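Work through these exercises on aromatic contacts with the model open. Each task is followed by a stepwise solution.

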Amino acid sequence: MRIGELAARAGTTTRTLRYYESRGLLPGRRGDNGYRTYDEGDLRLVRQIRTLQHFGFDLEETRPFVECLRAGHPAGDSCPASLAVYRRKLDELDALIGELQAVRETVAGQLVRAELARDELAAEARVPGGPEPECELGGQER
């Protein structure tokens, strides 16, 4: 198949495919007419790259999976280098999850603090001579 068909079948652009080729991830075979030619194996490579990128892998992290596919492994992820990339990515994700959990706890604490402050202000406003409640936009409630 030619580059346009490969791009359409893989759900990407010809520009992206040429970039993959320039990075050595996609073979740069040419037919007698000078056009790039691809086969079903190349489609599988591109789909693997795109799936991994969708999951957050950067382009260079896809290289071991591509090489594993080229070596004849059907899924491209059973080679030692692919497994090592999976492990590193899981470690990264675990670290990010930990950071997000810490941020969530901080935001939840801020919400509790803000709600208590709001309730205190509302209680003071009901006391004769207490402050007038103000709208969050800066005006006075009526």
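Phe57, Phe65 and Tyr86 form one aromatic cluster. The model is predicted: local features need pLDDT of at least 70, side-chain atom pairs count only at pLDDT 80 or more, and totals for chains, interfaces and linings use all residues. Residues are numbered from 1 along each chain as its sequence is written, and side-chain values use heavy atoms, leaving out hydrogens and water.

**Exercise 1.** Classify the ring pairs within the cluster.

Step 1. Apply the rule: Phe, Tyr and Trp rings (six-membered ring for Trp) pair if their centres lie within 6.5 Å; planes under 30 degrees apart are stacked, over 60 edge-to-face, the rest tilted. The count comes to three aromatic pairs.

Step 2. Take Phe57 and Phe65. Their centres are 6.0 Å apart, with 85 degrees between the planes: edge-to-face.

Step 3. Take Phe65 and Tyr86. At 5.0 Å centre to centre and 65 degrees between planes, this pair is also edge-to-face. It links distant parts of the chain: Phe65 is in helix α4 (residues 63-70) and Tyr86 in helix α5 (residues 80-126), 21 residues apart. Helices here are DSSP runs (H or I, at least four residues), numbered from the N terminus.

**Exercise 2.** Find charges over rings.

Step 1. Require NZ of Lys or CZ of Arg within 6 Å of the ring centre and within 35 degrees of the ring normal.

Step 2. The charged end of Lys89 sits over Phe57, 5.1 Å from the ring centre. Arg2 lies over the face of Tyr35, at 4.0 Å from the ring centre.

Methods:
Helices (H or I, at least four residues) and strands (E, at least two) are DSSP runs, numbered from the N terminus.
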